[in-house]
Amino acid sequence: MARDLIPPGTLHVLILKTLARGGELHGFEIAESIARESGDVLTVEEGSLYPALQRLLLKGWVTAEWSTTAGNRRARYYQLTRAGRRQLETEMAQFHRVNGAIARVLAM
Amino acid sequence: MLREIGRRLRVLGRGARFEQDLDDEIRLHVEHLEAQLRAAGLPEDTVREAVRQRFGSTLRAREESVDAWGWRWLEQLVQDIRFGARTLAKQPGFTATTVVTLALATGATTAIFSVVNGVILRPLPLASPDRLVQVASIHPRGNIGFVLASDLDAYRRQSASFERFAGYELTTRQVPHPDGAERLTAVISDFEFFSLLGVEPIAGRTYRTGDPSAVAVLSGRYWTRAYQRDPSVLGRSITLSGNVWDPVRRQSILEHRTYTILGVMPDTFQFPYGVGAFFEGPMREKETDIWIPQQDVTPRRFGQVTGRLKPSVTVDAAASELGVIQRQQDAITPSQSRPKGAVLTPLAEEVLGSIPRTLWLLFGAVGLVLAAACANVANLLLARTAVRTREVVTRAALGAGRLRLVRQFLTESVLLALGGGLLGVGVAWGGTRLLLVLGSVMIPRAHEVTLDWRTFAFLLAICFVTAILFGLAPAVSAARADARHVLREPGARTTASRIHTAIRDGLVIAEVALAFVLAVGAGLVVRELGRLQRADTGMTNENIVTLHLTPKVPAADYFAIEARVAQTPGVQAAGFTQMVPLQNWGWIGDFSIVGRPLERRPTAELRTITPGYFQTLGIPIVRGRNLTQDDTRDDPSALLINETLARTHFPDEDPVGRELDRGRIVGVVGDVRQTRLDRPVQPEMYSTVTRNAGIAADIGMTLMVRTQGSPETIVAAVRAAVREVNPNLAIFNVKTMAQVRADSLWELNLYRWLIGLFAGLALLIAVIGLYGVIAYSVSSRTREFAVRLALGSDALTLIRLVVRRGMLLAAIGLGLGGTLALAATPLLRALPSPLDPDVTTFAATAVVLLALTLIACTLPALRVVRVDPIHALRQD
């Protein structure tokens with residue numbers, strides 16, 4: 001299971017994107033979703049996921065609510081806010097621009 | 001940004017539940033992970049091993065999630081405070097000593113600051129007080145004083161520098177009262193007075209130009225005292241009686257007038273300031289009760305004039321303008337006696353005089369004491385840090401950050417400082433009250449001094465500054481503690497530490513010297529007070545009650561009262577005097593002896609009395625006869641002189657029968673201490689109340705009554721007798737002569753309190769300083785002592801070694817202090833009330849100091865005995 005770690009500074013965009021697609025998710029579901037969507041290339045550890053979620057809460061980009069899972073366990077579900085959606089769009093645009101540029105340089 | 005702060009605060013508000021939620025969330029995550037691995041068919045061992053490996057990650061998740069909200073510092077602060085409080089509570093002796101020292105030092109500093117704040121820093125509670133100036137005239141003989149009414153008129157008409165002026169005069173008025181009459185302090189002003197000051201009344205209105213003259217404005221405190229703050233007082237009338245100078249008859253006459261009450265001023269309003277300075281002796285008053293406009297006849301001059309400068313006009317420019325106007329007046333009506341110039345003093349300066357210098361000096365002195373207290377606490381903390389080195393090293397080894405350690409130590413210091421500050425509030429409150437009570441006569445604006453937010457801000461700032469001052473050194477030294485260093489070279493003494501030791505020793509020596517000087521001073525003041533309290537005054541002070549009476553009434557009334565009171569059962573004798581002895585006041589006049597030409601006219605204290613006065617006070621008539629009611633002001637009037645005057649001017653002859661230009665000597669009476677207990681007897685002259693009807697009529701007369709038993713019981717009977725003779729007489733300042741005598745020492749009493757408190761503080765600080773130094777040396781030499789004990793040294797020898805060092809420091813301090821005190825001897829002898837240093841005081845102070853030193857050194861030295869060699873050596 002030697003999966004790659006997520007480059008620094010990108011975890012929160014991944015979380016925002018995951019929430020944008022998946023609606024309400026709890027922490028484990030977010031980690032799983034990122035791993036699955038990346039084709040098991042990227043892995044998110046609790047040690048970085050939960051602090052990142054707290055930072056997103058602080059920024060007001062996500063909100064959280066306690067609810068019960070399918071297995072009837074209490075879990076905290078995260079949801080994108082309007083500010084979070086705007087932030088995601090900004091960062092995606094920036095990501096595409098920078099990545100496009102890097103790709104062009106590397107392609108030469 | 002604001003919302004972010006809101007979110008942060010919400011998280012803080014959730015407290016422990018926030019962390020509980022995080023734990024739940026992370027546990028759920030791990031459980032899901034476990035389930036996932038199991039579902040993948042991994043063996044149970046591998047699953048458990050995988051989960052165990054996640055431990056670091058989950059720990060990090062929790063820590064960093066908490067950190068995300070930025071409340072870590074607060075959490076640590078709470079931890080630090082808890083830890084600090086526990087540490088301090090474990091050493092109650094150390095904590096109590098430190099807190100009490102700090103409380104006394106910060107409290108004393110704050111008390112003086114609150115007076116400095118109320119008296120100097122806060123602007124006068126008047127409209128734009130910086131533009132108010134006191135106007136006075138320079139008179140031909142060079143004295144500065146009253147302003148001619150004609151000059152004031154000219155200023156008003158011609159000056160371009162001033163917005164307005166007000167002239168006023170301080171006097172007394174009597175008002176009817178169920179007990180006879182009450183005396184009020186009154187200000188008679190012109191109509192500009194209130195518009196000049198710009199202070200609004202709390203009820204009704206003030207008088208202004210165009211108002212009738214029979215109106216009055218009350219002070220808030222008189223309103224409370226006489227009318228219980230009844231608002232319906234407005235429009236009511238008040239009848240005042242008082243002495244008014246009759247220019248035609250050239251004497252003071254009693255006048256009654258009725259005034260309509262227009263308004264009431266706020267309790268804090270007092271103008272003019274320093275009313276007490278206008279009157280002396282029993283007349284010393286702190287407050288004005290009533291303001292009335294000047295009467296229909298414009299006075300010839302004003303005792304006091306205040307002006308308001310136009311904005312941006314300087315005092316100098318205004319003064320030269322008034323000078324020009326005065327010279328023009330001189331040209332119109334030339335006269336030798338006309339004033340020769342104008343003097344302007346900013347009002348604040350006029351009100352405060354030299355008080356700011358005194359207060360700042362006091363503030364500096366108490367600041368020094370505070371600094372010394374801080375240095376001592378730093379020493380104590382350093383001694384403790386040395387003991388705690390092992391704790392510090394262990395904590396550092398376990399991963400406590402260096403900054404965190406510094407913070408821990410600083411937190412403890414701040415806790416100590418705040419504890420001291422909290423107690424200091426009480427000290428500050430009490431100290432301020434004490435200062436105001438003792439110094440009320442000297443301190444202007446005393447009635448405005450309150451403990452306000454500025455005082456508390458100051459106290460808080462002082463606490464933090466002191467905490468950093470005394471806390472930083474131990475904190476830094478703790479942070480520098482290097483585990484390897486401490487373990488390898490325990491107790492190693494570096495050059496730096498030797499310098500530190502020298503500084504500490506020097507500090508303690510200075511503290512002991514200062515304490516010695518102050519304690520000697522306090523001892524001298526106490527001794528002088530005792531001497532004066534026992535001093536022979538030349539008169540009886542027992543069973544005598546004094547009652548002051550105003551206004552001045554015809555002489556016949558005084559004789560009638562004297563006779564009536566003397567016949568009251570329980571009364572042995574009664575008599576009047578215009579000026580009670582020992583009140584630091586007097587009336588000096590010059591005289592000449594008929595038939596003896598002298599180059600310079602000699603002077604004598606002049607006293608106006610009734611014949612019963614001498615018998616009442618037990619002053620003997622040594623030659624000739626007493627004065628009688630028949631000795632009138634008719635030529636030649638009869639005079640009594642005292643023995644000193646007789647000895648000075650009639651050394652070889654009988655003065656009785658000799659003529660002075662002031663009258664004929666009919667007798668000689670015994671010497672008494674007239675002005676002050678500590679002043680030698682002056683030449684004196686007595687004449688009866690029938691004479692000098694005009695002299696200082698405002699002062700009134702004091703009735704002295706000697707009783708058989710306790711003097712207080714007779715007061716009601718005396719009041720009745722006075723009321724029967726003249727109901728207009730107000731009786732106040734009822735005191736026993738013993739009280740008068742005790743009160744006359746108020747200045748020395750004030751010094752005793754101030755220097756006594758300072759000396760006490762300095763002693764405490766010196767003792768704590770000695771204790772700190774010795775404790776530090778013991779704790780830093782624990783290993784050395786342990787080795788010595790292990791090698792068979794006697795514990796007593798070691799204790800002696802430690803104590804000897806403390807005694808040596810104290811001895812050097814004593815020597816230094818003694819030299820300083822001796823050097824100050826000429827200064828002490830030159831004081832207004834001279835102090836004479838003596839061997840007894842020096843020796844007694846030295847013994848007390850050495851005894852305290854012995855205790856301060858022995859306590860930490862005893863720790864040597866408790867050193868367990870094995871434990872101490874193994875420590876390293």
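In what order do the elements of chain A run from the N terminus on? The order is β-α-β-α-β-α-β-β-α. That is four helices and five strands. One caution before I go on: this is a predicted model.

Let me stay with chain A for a moment. Its C-alpha atoms fill a box of roughly 55 × 35 × 20 Å, taken along the principal axes.

Now look at two of its helices. Helix α1(A) covers residues 11-22. Its axis and the axis of α2(A) come within 10 Å. They cross at roughly 100°. An angle of 65 to 115 degrees counts as roughly perpendicular, and therefore α1(A) and α2(A) are roughly perpendicular to each other. Which residues make the contact? From α1(A) come L14(A), I15(A), T18(A) and G22(A). From α2(A) come I30(A), S33(A) and I34(A). By class, that contact has four nonpolar residues, three polar and no charged.

Next, chain B. There are 29 helices and 24 strands here. The C-alpha atoms of chain B fill a box of roughly 135 × 70 × 60 Å, again along the principal axes. What radius of gyration does chain B have? The value is 38 Å. A compact globule of 876 residues would come out near 29 Å.

How is chain B divided into domains? The assignment gives domain 1 at 2-70 and domain 2 at 129-352. Domain 3 comes in two pieces, 355-533 and 746-874. Domain 4 takes 552-727. How far apart are the C-alpha centres of domain 1 and domain 2 of chain B? They lie 81 Å apart.

Now to where the chains meet. In this model, 15 residues of chain A are in contact with 21 residues of chain B. Which elements of chain A give two or more residues to that side? They are α2 (27-37), α3 (46-59) and β5 (74-80) of chain A. The largest share, seven residues, comes from α3(A). By class, the side of chain A that touches chain B has five nonpolar, four polar and six charged residues.

A few backbone details in chain B deserve a look. Where are the cis peptide bonds I want to show you? One joins F271(B) and P272(B), with omega about 0°. P272(B) is placed in the loop between β9 (251-264) and β10 (290-293) of chain B. Another cis bond joins T550(B) and P551(B), with omega about -5°. P551(B) is in the loop between β14 (544-550) and α18 (555-567) of chain B. Then there is Q228(B). It is not a glycine, yet its phi is positive, at about 50°. Find Q228(B) in the loop between α9 (220-227) and β8 (237-246) of chain B.

Last topic: confidence. The model scores ipTM 0.87 and pTM 0.71. For chain B the mean pLDDT is 84. In that chain, 92% of residues reach 70 or more. Where in chain B is confidence lowest, and where highest? The lowest is helix α16 (residues 483-488) of chain B, at a mean of 52. The highest is strand β7 (residues 215-218) of chain B, at 95. Over residues 487-493 of chain B, the pLDDT is below 50. Beyond near neighbours in sequence, that stretch has eight contacts in the model.

To recap, then. Chain A has four helices and five strands. Its α3(A) gives seven residues to the side that touches chain B. Chain B has a domain assignment with domains 1 to 4. And take care with residues 487-493 of chain B, where the pLDDT is below 50.

Notes
Residues are numbered from 1 along each chain as its sequence is written. Chains are lettered from A and ligands numbered from 1 in the order in which they are written. This is a predicted model: local features need pLDDT of at least 70, side-chain atom pairs count only at pLDDT 80 or more; totals for chains, interfaces and linings use all residues. pLDDT is the predictor's confidence in each residue, from 0 to 100. Two residues are in contact if their C-beta atoms, placed from the backbone, lie within 7 Å. Ala, Val, Leu, Ile, Met, Phe, Trp, Tyr, Cys and Pro count as nonpolar, Asp, Glu, Lys and Arg as charged, and the others, Gly among them, as polar. Domain bounds come from an automatic or database domain assignment. Axes are lines fitted to C-alpha atoms, for helices over the stretch in contact, and angles run from 0 to 180 degrees between N-to-C directions. Angles under 35 degrees count as roughly parallel, over 145 as roughly antiparallel, 65 to 115 as roughly perpendicular and the rest as oblique. The radius of gyration is taken over C-alpha atoms; the globule rule is 2.2 Å times the number of residues to the power 0.38.
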